[in-house]
Amino acid sequence: MDLTKLTALELGKKIKDKEVSVIEATQALLEKIKQTDEDYHCYITVMEQEALARASEVQKQIDAGELSDSPLAGVPVAIKDNICTKGVKTTCASKILYNFNPPYNATVIEKLEKAGAVIIGKVNMDEFAMGSTTETSYFGVTKNPWNTAHVPGGSSGGAAAAVAAEEAFYSLGSDTGGSIRQPSSFCGVTGIKPTYGTVSRYGLVAYASSLDQIGPIARNVSDCAVVLDLISGHDTKDSTSVPRDNYQYTEALIDDVRGMKIGIPKGYLGAGLDKEVKSSILAAAKVLEEKGAVVEEFDLDAVDYAIPAYYVIASAEASSNLSRYDGIKYGYRTEDFDGLADVYKKSRSEGFGNEVKRRMMIGAFVLSSGYYDAYYNKSLKVKALIKEGFDKAFEKYDILLGPTAPSTAPKLGESLSDPLKMYLGDIYTVSVNLAGLPAISLPCGIDSKGLPIGLQLIGKHFGEKDIIRAAFSFEQSRDYKGPVNNA
Amino acid sequence: MKSYETVIGLEVHVELATQTKIFCGCTTQFGGEPNTHCCPVCTGMPGTLPVLNKRVVEFAMAAGLATNCKINQKCKFDRKNYFYPDLPKAYQVSQLYLPICHDGGIEIEVNGVKKVVGIHEIHMEEDAGKLIHDPWEDCTLVDYNRCGVPLIEIVSEPDMRSAEEVISYLEKLKLILQYLGVSDCKMQEGSLRADINLSIREVGAEKFGTRTEMKNMNSFKAIARAIEGERKRQIELIEDGKQVVQETRRWDDNKDTSFAMRSKEDAQDYRYFPEPDLVPIEISDEWLHDIRSRQPELRDEKMLRYETEYDIPEYDASIITSSKRLADIFEETVAICEKPKEVSNWLMVETMRLLKETEMEPENILFSAQNLARLIGLISDGKINRTVAKEVFERVFKENIDPEDYVKVNGLTMVNDEGALRTVIENIVAGNPASVSDYRSGKEKALGFLVGQTMKEMKGKADPGLINKILKELLS
Amino acid sequence: MTITDDTINYVAALAKLELSSEEKEKAKKDLSSILAYMETMNELNTDAIEPMSHVFPIRNVFREDEVTNHPNRDTLLSNAPDSKDGCFKVPKTVE
Ligand SMILES: [Mg+2]
Ligand SMILES: [Zn+2]
């Protein structure tokens, strides 16, 4: 039996039933990574020794009858390299943090470890989560396991590709403008961006604080829901964490959408959307309709202005958040310097890649005196309008449906030359972050190039259960299909 | 020469007397080995997040209420972005758009003239770390212990016109904050620092001149000298037909002059924007009312109460209340020994003398109310006389010794054995016939000499009243 | 919005970045087109709209004033490129 083909829940059950030991599962995964990661390069750091040591520790806990209420005890997990792991290099795929060992664990890491998770390694991403292709990583590009000539998407490209390539049972990514959903779509896996405030950001290296959320990427909806059960919850270390009564997302794994009202924003099917993607999305809507949902198209207000507002806000916050990387407390310091000003300028110029520099400059510009109102403040107003648009929509609909991305995964090297064009690819994802909504991306088809297509379902605030239920129902209509290479 | 007017506004940074920092659970204790009062949050480690200390908000409200400010019941934090090694996140969390307090003022008095100095706003923010110059390697060492200590910044209106007004304003402010208990205001430890904005204009002119800012003054003396120096410098520039440049300057008290601090190419564009990691603050009417009702008695009320409740002269009351520490010792001691006038005397005379002698601030007084009360008890119980008491007090003042133990150990207790004293006096009378006859022939002074001789013989440990009584008996 | 050399130099200084002349040219071009695109927001009338920095109306998240940290200086300094005497070491700051 090839253990790496199991879903996280399947493996968790086998471990619980003592059919498989935690060490066997961990070894199997490490073996798989050794075999294929040279081709895909999902990982920045593989924690072989730590993972094996941790595996035997978890096995002991399981044998002692602990962790019996944790469905994923002993299941290895891959962590996006912008989530702090105590004593384990956390680089954000940037030269400027190439050697950074956090002195503490992110809250999500503490939660996963409490649930008996074995961290297998840290996965690749776009530098500081800025990008849509995982090509901007200082540690090299990740390739799409469906076709290694294509990008895996980004910024959580390593996290999504590792799940698709069966180099991880599940992973944690982060989503600021689509960074969980878009690579999930490109890699044919499932990813959830939770409602802002559902998962603690403590220990997530900030890109844009008001938009960032950590979320799961896995092979199916059930795995994602169970991981969300584990990582969500109020955290007193994160002031923007929202206390809720119920974090039991697995309750929503029900194959029933009868009476559910689903809206499709007309703008999400307009110009710029690839034809094959469009027909696949409409086919998915049809499936849900046939299962008893009420589906209709409608006009979503202000959403056309989501991309400019998003890039202003995200760049502004990033320019501030990334100023702390200055070659003094941690990370890269230039070799050669004459005075303090040099340490700053050279460390930062040598330590950051082009896309990060570009966004820091945009951010500095839109906040600078004389431009704040025209750009930054204007964006905060547009954000208010976008949220209002969604609020209105959710008076009528339980969930919204559309594509995750306008196309399937582009070829490597195609996207970076024109940043604006790349930004436009985020058209269906960024508005969700601006409005703080939950959304899921799950596979709904494969195009003529053999690349997966992602379906996006958007919920109202804290409406994770609505999208999980709809996604689960839809998922029952088709079998999971991994990349041909893994067949 | 034309006549000029000096226009001064102050930005006063006050470190709050909380136990912990503004956004993390690190101690705010002064000193400590470098970087031992720090955690990932206050050193700006990637991924960390701030959580606001509630007491900071309450202290800021208290300061606002005591300085007659309006409280912004909806306020929030903003980020002020700039690079400097003492600022680990490269932004300071502060308040720009909606500061917690605004539009207040306090009354000052200089040479009998009263005026109100307006307070533009009070905002909350975090302190930066400390830079230490290392002369061995000619480099700078960074200590983040102070980083994240809560501050309030009190921004005055440009209402002051002289160094005297500035000092008076600062003294008043300091006293208010000390009475509130929101800060110890120790200037030498940097818990009260003033930035001085100063400009010059011709008397009668309406428009303000170009101002300069002098940073981080930490003594009243330095402030007075800096104001005088900068005033002269600006007038000279104007008289020479030159321009005052708007810039930040550093006062060098040793060289008695100020220097421009930042190179001009360094853009001062702080790119403030709302802090996304902290949620807004909403102060309910109940909360505000609660803070208001918990405001302690401030100086003016206290003075009045001392006069009426303890029958202390106005002048004495004003001296004792001029320092929170003095007033606290006064009230605590009175509570123990119930002798307000006696306590007031010790504070007004001996304490003041010793403070002056040792060049000490009343805030730094060491001795406890318990020990002062014990000393007063020793006197009223007739255990020591006043001359001995003064000596003992010096030790109490300097080392906060227990006067009872001290008197016992050093055998300073008064000799109250009348028989023994009488024997000594008889010997003195016998040994000084000239003084005896002087006294008998009407020279009162001679008695003093005989008392002195007796006291000397008794090593000061006798009751002067008793000596007088016995002497008069023997000589009559 | 056309971005001039001055503007690029200014934002680079604010971001503490040193750009080669090629990088400057590329940045000028990219920023011009990106900012022009951002200006499409002006088509939307937002006169009556309050700027929204937080999505949820959460207020008053506080901690109590209690010491909870047990600092560890060695870990704190372990990532520093240079340190001395328990401090982070940097080139001399002027003043
Ligand atoms: Mg300030
Ligand atoms: Zn701290």
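**Figure 1. Contact between chain A and chain C in the predicted model.** In this predicted model, 65 residues of chain A are in contact with 51 residues of chain C. About 5,000 Å² is buried between chain A and chain C, and carbon and sulfur atoms account for 73% of that area. Tyr305(A), Met361(A) and Lys378(A) together supply 14% of the area that chain A buries against chain C, more than any other three residues.

**Figure 2. Polar contacts, helices and residue classes where chain A meets chain C.** Between chain A and chain C there are 13 residue pairs in polar contact, with both residues at pLDDT 80 or more. Five helices of chain A each supply at least two residues of the side that touches chain C: helix 9 (306–321), helix 10 (340–351), helix 11 (354–367), helix 12 (372–396) and helix 13 (419–424). Helix 12 of chain A gives the largest share of this side, 11 residues. By class, the side of chain A that touches chain C holds 36 nonpolar, 18 polar and 11 charged residues. The count of salt bridges between chain A and chain C is two. One of them joins the side chains of Lys357(A) and Glu23(C), at 3.7 Å from N to O.

Figure 3. Met361(A) lies in helix 11 of chain A. Its relative accessibility is 4%, so Met361(A) counts as buried. Apart from neighbours within four places in sequence, Met361(A) is in contact with Val11(C), Ala12(C), Leu17(C), Leu19(C), Ala27(C) and Leu31(C). Within chain A, Met361(A) and Ala318(A) are 43 residues apart in sequence, and their C-alpha atoms are 9.7 Å apart in space. Asn377(A) lies in helix 12 of chain A. Asn377(A) also counts as buried, because its relative accessibility is 16%, and the limit for buried is under 20%. Not counting residues up to four places away in sequence, Asn377(A) touches Tyr372(A) and Pro51(C).

**Figure 4. Contact between chain B and chain A.** Here 31 residues of chain B are in contact with 37 residues of chain A. The area buried between chain B and chain A is about 2,700 Å², with 60% of it given by carbon and sulfur atoms. Pro46(B), Leu49(B) and Phe83(B) supply 23% of the area that chain B buries against chain A, more than any other three residues.

Figure 5. In a salt bridge, the side chain of Asp277(B) meets that of Arg201(A), at 3.0 Å from N to O. Asp277(B) and Arg201(A) also belong to a network of salt bridges that includes Asp238(A), Arg79(B) and Glu275(B). There are 16 residue pairs in polar contact across the interface of chain B and chain A, both residues of each pair being at pLDDT 80 or more. Strand 5 (78–81) and strand 16 (273–274) of chain B each supply at least two residues of the side that touches chain A. That side of chain B has 21 nonpolar, five polar and five charged residues.

**Figure 6. The magnesium ion (ligand 1) and its donors in chain B.** The magnesium ion is coordinated by two OE atoms of Glu125(B) and by OE of Glu153(B), at 2.0 to 2.6 Å. Glu125(B) lies in strand 8 (residues 113–126) and Glu153(B) in strand 11 (residues 150–156) of chain B, so the pair ties together parts that are 28 residues apart in sequence. Glu125(B) and Glu153(B) are both buried.

**Figure 7. Salt bridges between buried residues of chain B.** Glu126(B) and Lys89(B) meet in a salt bridge through their side chains, at 2.9 Å from N to O. Glu126(B) is in strand 8 of chain B, and Lys89(B) is in the loop between strand 5 and strand 6 (91–94), so this pair ties together parts that are 37 residues apart in sequence. Both residues, Glu126(B) and Lys89(B), are buried. Lys76(B) forms a salt bridge with Asp78(B), where the closest N and O atoms are 3.6 Å apart. Lys76(B) and Asp78(B) are buried too.

Figure 8. Over all chains the count comes to 75 salt bridges. Asp81(A) forms a salt bridge with Lys122(A), with the closest N and O atoms 3.1 Å apart. Asp81(A) lies in the loop between strand 2 (76–80) and helix 4 (107–114), and Lys122(A) in strand 3 (residues 118–123) of chain A, so the pair ties together parts that are 41 residues apart in sequence. Asp81(A) counts as buried because its relative accessibility is 0%. Lys122(A) is buried as well, with a relative accessible area of 0%.

Conventions: Residues are numbered from 1 along each chain as its sequence is written. Chains are lettered from A and ligands numbered from 1 in the order in which they are written. This is a predicted model: local features need pLDDT of at least 70, side-chain atom pairs count only at pLDDT 80 or more; totals for chains, interfaces and linings use all residues. Side-chain values use heavy atoms; hydrogens and water are left out. Contact means heavy atoms within 4.5 Å. Buried area is the accessible area (1.4 Å probe) that two parts lose on being put together, summed over both. A salt bridge is a side-chain nitrogen of Lys or Arg within 4 Å of a carboxyl oxygen of Asp or Glu. A polar contact is a pair of N or O atoms within 3.5 Å; within protein, one must be able to donate a hydrogen and the other to accept it, and residues adjacent in sequence count only if both atoms are side-chain atoms. Helices (H or I, at least four residues) and strands (E, at least two) are DSSP runs, numbered from the N terminus. Ala, Val, Leu, Ile, Met, Phe, Trp, Tyr, Cys and Pro count as nonpolar, Asp, Glu, Lys and Arg as charged, and the others, Gly among them, as polar. Donors are N, O and S atoms within 2.8 Å of the metal (3.2 Å for Na, K and Ca); water is not among the atoms, so sites may look incomplete. Buried means under 20% relative accessible area, exposed over 50%, partly exposed in between (1.4 Å probe, protein chains only).
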